Amino acid sequence: MVWRIAARDLLSTLRDRRTLSATILMPLILIPALSLGLPLLLGSFIGGQQQERQKVGVVGTLPAELRAALEQDEKVDGQTVRAGVTLVPVTDPTQAVQSGDVDAAIQAPAPLPTRAGDGSGELEVYAKLSSLRAQAGAYSKVQDVVDGYNRTLTLDRLQGLGLGADTLTPVTIKPIDASPPQEQRSGQLAFLIPFLMLQFILSGGMATAIDATAGEKERGTLESLLVSPVRRAEVVTGKLLATTLTALLSACFSVGGFVISGLVAAAFLNSRSGLGADITSSMGGQLTLTPGGTLGMLGLAASAALIISAVLIAIGIYARSFKEAQTYIAPLTLVIVLPAVMLQFADFLTLNTAVYAVPLFGSMVSILNIVKGAAEPGQILLAILANLIGAALLSLLALRSFGREEVIFRN
């Protein structure tokens, strides 16, 4: 009887193509687009700005060595990794930048030194500093070239004194990433993955849950179901099963989207090099999951789907109409969004074992740990158990509502 009720509600869901698109297509499209497309976009954008020549306006005169350094391309193995800039004369640097005639403008109020020890000078750089395009392009190039110019002048002076380049840096720092390889590949956008997964689980089960409760109330078909020879517990279990299956379907396609993203990113980054590939990798363009991590993520997704489905059924049966149920369920998004926002600061938080016993939030932290390769089986099992306990309590609440006439006929 439970399966019959579940099949009845699933059939109603399958008739709605929009629901199928939100359950199947959206996770397969949006998750790779966000987890892979965003790092690729940032990498190609910033890397593209470095390899593109920008126009830089010049007011007055510059030392010949500095002009040559600004216009020169930087190449590695014959490939241009940082293109120079095109210097053009301008009279009003602020107006030239604001009008878009140049990407940046430079002006030296006083002659700049050409040798170390000849005093100091100031170079004014005009740019739209709030623009990421300017900071990644013209402004960044001018800053790097001036730093190199200063270093060149200093080295020339040191060589005249019989000193080498190591005089400037007697102690150097060599950063070595000691985090696990999987955490290195997860990147800076890893905190988005738990949010996206739970968000798609919520959206995947929402249509079935609302249609099976408030929707049936509105159509007047719930009464005929309740007067049939079926127990209320079977009705609740069947509707919970149907909602969980649609939510799980969305969760499975979400995991599939992550796996596809990792495979595509690995193939892409193996064939690319340079600044764009480095940025893509650091932002999370090499996301990979081990077989054990995939199983753990599926278990967490299944338990999260169960508790979310129980919440949806409990709220949906209390609502008087389909529209009212949507109004009640809308704030649930905040329950997912707010903890997900906190996850980006997870490195600053002290997370003890009790955190994994919090329904849903423990799942988010565990999924993030899986992505970073730092998950422990005990923590994953605790998060799954917390979700199952929460789902059981909410299912009892839904069962109690199905047994109350004032709730069933509240329309």
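These are my notebook entries on one protein chain, looked up in a predicted model.

**Entry 1: the whole chain**

I began with the overall counts. The chain has 17 helices and six strands. It holds 411 residues, and 42% of them count as buried. I then looked up the accessible surface, which comes to about 20,900 Å². Carbon and sulfur atoms make up 61% of that surface. For contacts with a separation of 6 or more, 77% join residues 24 or more positions apart.

**Entry 2: two helices side by side**

Two packed helices are described by the angle between their axes and the distance between the axes. I looked up both values for helix α8 (residues 192-219) and helix α14 (residues 332-343). The angle is about 170°, and the axes are 9 Å apart. An angle over 145 degrees counts as roughly antiparallel, so α8 and α14 are roughly antiparallel to each other. Next I noted which residues meet. From α8, they include Phe195, Leu198 and Leu202. From α14, they include Ile336, Val337 and Ala340.

**Entry 3: Ala247**

I picked a residue in helix α10 (residues 232-270), namely Ala247. Is Ala247 buried or exposed? Its relative accessible area is 0%, so Ala247 is buried. I checked what Ala247 touches, leaving out residues up to four places away in sequence. The list is Ile201, Gly204, Gly205, Ala305 and Ser309. Ile201 lies 46 residues from Ala247 along the chain, yet their C-alpha atoms are separated by 4.8 Å.

**Entry 4: charged pairs**

Side chains of opposite charge can pair when their charged atoms come close. I found six salt bridges in the structure. Arg8 forms one with Asp9, with the closest N and O atoms 3.6 Å apart. Arg8 also meets Glu216 in a salt bridge, at 2.7 Å from N to O. Arg8 is partly exposed at 32%, Asp9 is buried at 5%, and Glu216 is buried at 1%.

Another salt bridge joins Glu234 and Arg231, at 3.0 Å from N to O. Here Glu234 is buried at 18%, whereas Arg231 is exposed at 59%. I also noted a network: shared partners join Arg8, Asp9, Glu216 and Lys239.

**Entry 5: a nonpolar patch**

Which residues make the nonpolar patch of about 410 Å²? They are Leu385, Ile389, Leu393 and Leu396. Leu396 sits in helix α16 (residues 377-402). Its relative accessibility is 56%, so Leu396 counts as exposed.

Technical notes
Residues are numbered from 1 along each chain as its sequence is written. This is a predicted model: local features need pLDDT of at least 70, side-chain atom pairs count only at pLDDT 80 or more; totals for chains, interfaces and linings use all residues. Side-chain values use heavy atoms; hydrogens and water are left out. Patches are made of residues with over 30% relative accessible area and no salt bridge: like charges are joined within 9 Å, nonpolar side chains (Val, Leu, Ile, Met, Phe, Trp, Tyr) within 5 Å. Accessible areas come from the Shrake-Rupley method with a 1.4 Å probe; for residues, only the protein chains shown count as cover. A salt bridge is a side-chain nitrogen of Lys or Arg within 4 Å of a carboxyl oxygen of Asp or Glu. Helices (H or I, at least four residues) and strands (E, at least two) are DSSP runs, numbered from the N terminus. Buried means under 20% relative accessible area, exposed over 50%, partly exposed in between (1.4 Å probe, protein chains only). Axes are lines fitted to C-alpha atoms, for helices over the stretch in contact, and angles run from 0 to 180 degrees between N-to-C directions. Angles under 35 degrees count as roughly parallel, over 145 as roughly antiparallel, 65 to 115 as roughly perpendicular and the rest as oblique. Contact means heavy atoms within 4.5 Å.
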